[in-house]
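Have the sequence and the 3D view ready.

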Amino acid sequence: MPSHAPITPTGTPTGTPTGTPVGTPEGAPDAADPLERERAHLRAARAALRAMRQDVESLDLSDVAGTWVSAEVLRGQIQHRIAALADLAHTPLFFGRLDYRYAIGGEQAEGADGDRFYIGRRHVHDADGDPMVIDWRAPVSQAFYRASRTEPMDVERRRRFGYTGGELTAYEDEHLSDPAEAETSSALLAAEIEKPRVGPMRDIVATIQPEQDEIVRAGITGSVCVQGAPGTGKTAVGLHRVAYLLYAHRDRLARTGTLVIGPNRSFLHYIEQVLPALGELDVAQATVEELISHVPVRAVDPAESARVKGDARLAEVLRRAVRHGVRMPTEPCVVVRGSRRWRVPAYELEEIVTELLSRDIRYGAAREALPQRIAHAVLVKMENGGEAPDDRVQDAVARSQAVKATVKALWPPVDPVKLVHRLLSDADFLAECADGLLSAEEQRAVLWARPGRSVRTAPWTLADAVLVDETADLVQRTPSLGHVVLDEAQDLSPMQYRAVGRRCATGSATVLGDIAQGTTPWATSSWAEALHHLGKPETRVEELTRGFRVPHEVIAYASRLLPSIAPGLAPATSVREAAGALSVRRVPPPQRASDDQADQAELAELAELADLAALDRAAGLPDPVDHPALDEAVVAACRDALAQEGSTGLIAADARIPALAAALRAAGLPHLDPGQETSTEARLTLVPASLAKGLEYDYVVLDEPAAVVTGEPDHRTGLRRLYVLLTRAVSGLTIVHSQPLPEQLA
């Protein structure tokens, strides 16, 4: 497909390897050197970008703003524009070029060349306003990602550029309309994909594939769900889709807002540089926990309690609880106006309350409507009595003490936090609200074992906070954003999906995840179910199965788990072949003689107590937490990985982290925590299994897979967690174990 260089003056392709200057032979004049011409264009484009920034910085705002408020708003917009025009030294200003066969959108003289466009991360124009770099999101740039030999899209040549740091060092061409050119893979594309992962996540704007680009450029009116196997770039696709939508619908999203939701802060820190690198600085990021921070989360639910609290049936339980205080009237409402008394009988009040209940509007909105409805009934009686009241009289009646007292008695105010506190503390109240919805056993799972004396001391959990959020929305509608990106969506409970769905009820969503990587007991089993709870049942589901990050040998090994964890999913493929990418090292368990009668008696006693961990230790099996020989083998594997270029992640069951941290310190190997940025000086990160999702490292050392599996609430969740960890490596995976591997991997 591509030739690694253009044609030289002698008509011979140079074929220079990627990463070295390509073009004419050494010593040829610069004017005849295509690479030098491209470098000159890069220098000119950078100068033009600096001029664009200087033009904005020199704007005089003293006479253009009407008030100090508008002046401050304008000044903020100017500062935002200046920041967006920053020239990042180590980020290529353009990464590709399109040579069209014809002029785009205009007449072309016979024999004249077609239009030529440089494709980059942002638009750059010269002093005359002519484009020097076209934004990758512009319609004319689409052909860079989608043009092919079978559908060239009027492209004569597609050129890709290679960079070392910020210096342009290579290029390669694809002549899409030349049938004689051989079909080969792009070396520059492969080099960019395989570049070592040091630091935060990078954008993939130079390497977006056609199937990814279709998702990125999908319209804003519909939502998209991406089922993506490990290494298929689903997270990057979601972030680039945000950047595209902000480009195509900036005014709309500026009014309504955009939000990226991730599984944890470590993950959000890892991806936080992608959008700024694409020129988008104002996209908010949050975890689900931060999104619903109505109460301080200070406890953790048992798995069964969390599962029940996350069940969609709790939405109806809460709806009943919110409306539990509504009462039908037994007395009339009497309003005094001047010397006259106006009486609204109880049966009319009952009709008003019943009608409001039947409309199923928000509790708070109905409570605001009730005094006006009562006041309107009074006005009708006043008109029938010969008076001519207007709207001001109705408002005065609605604010009268008699009407206020009636509203308070019939439709009392609801505090979401206090209501959920009562529901989780009061067994009788819960039983009344959950009648026919939850079994007695499920109700016991929902109730707090030791409720606090007040809402301030209650043992709130994340699942409880979701219930408070649902209740708050039943009282007052949650504001909706224009677009929400939800990553690692497979791990959410139905109630969490509802919480996210409220944030994009009138907007659209991009849902990213992998059913096989669901590592919570309540993880969804199908996207249809998840999208139903999200409130977006018509969402289009796209599947990405072609991997670009995980080597083929590693993804094939991890895919052995799929029949057990996600039988309906097709195994992922990989475009990357890396010999020796997978290594499995077994450490012999420590030996202990246990044949005498005392040892046998101890084993029997432990078995009766079902103390499995103690039983393993007594039988001579290694303690998953305390195993010095295993620690030494893991440290050795880390040293081997650090001898290679790039980042290294040591991933282990959460219970093993303290022992491994001590082993690394004893060996003199400094390490980072998840969320801390890797650098050339600090390339080793110690990662608990619970925080590894979404992260990636050039080399991964995986400690004791059996401990990972047994550390989860159930076997399937443990295997899914293991699948996640097996697919974090970009270049190489080393598994170090003492206990037997799961049978699927043996």
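## A serine and its surroundings

A polar atom of the Ser223 side chain lies 2.9 Å from the backbone nitrogen of Ala509. Before we go on: this is a predicted model, where local features need pLDDT of at least 70 and side-chain atom pairs count only at pLDDT 80 or more, while totals for chains, interfaces and linings use all residues. Residues are numbered from 1 along each chain as its sequence is written, and side-chain values use heavy atoms, with hydrogens and water left out.

Where does Ser223 sit? You'll find Ser223 in the loop between helix H5 (210-216) and strand S8; helices (H or I, at least four residues) and strands (E, at least two) are DSSP runs, numbered from the N terminus. Is Ser223 buried or exposed? Its relative accessible area is 12%, so Ser223 counts as buried (under 20% is buried, over 50% exposed, partly exposed in between, with a 1.4 Å probe and protein chains only). Leaving aside neighbours within four places in sequence, Ser223 is in contact (heavy atoms within 4.5 Å) with Ser508, Ala509, Lys536, Thr539 and Arg540.

## The sheet

Ser508 also turns up in a strand pairing: it is the bridge partner, in S14, of His483. Strands S13 (residues 483-486) and S14 (residues 508-513) run parallel and are joined by four bridges; two strands pair if DSSP finds at least two bridges between them. They belong to an open, parallel sheet of six strands, in the order S10-S9-S13-S14-S8-S15. Strands S10 (284-287) and S15 (540-544) are at the edges with a single partner strand each, so one side of each has no neighbour in the sheet.

| Helix | Lies across | Angle to S14 |
|---|---|---|
| H6 (residues 234-248) | S8, S9, S13, S14 and S15 | about 165° |
| H22 (residues 527-534) | S8, S14 and S15 | about 145° |

## A helix with a buried face

Now look at helix H27. Its buried residues are Leu630, Asp631, Val634, Val635, Ala637, Cys638, Ala641 and Leu642. Seen down the axis, these fall within an arc of 160°, so they line one face of H27 (the arc is that of the directions from the helix axis to the C-beta atoms). On the other side of H27, Pro628 and Glu632 are exposed. Among the elements covering the buried residues of H27 are strand S18 (582-586), strand S19 (648-652) and helix H28 (657-666).

Methods. Axes are lines fitted to C-alpha atoms, for helices over the stretch in contact, and angles run from 0 to 180 degrees between N-to-C directions. A polar contact is a pair of N or O atoms within 3.5 Å; within protein, one must be able to donate a hydrogen and the other to accept it, and residues adjacent in sequence count only if both atoms are side-chain atoms.
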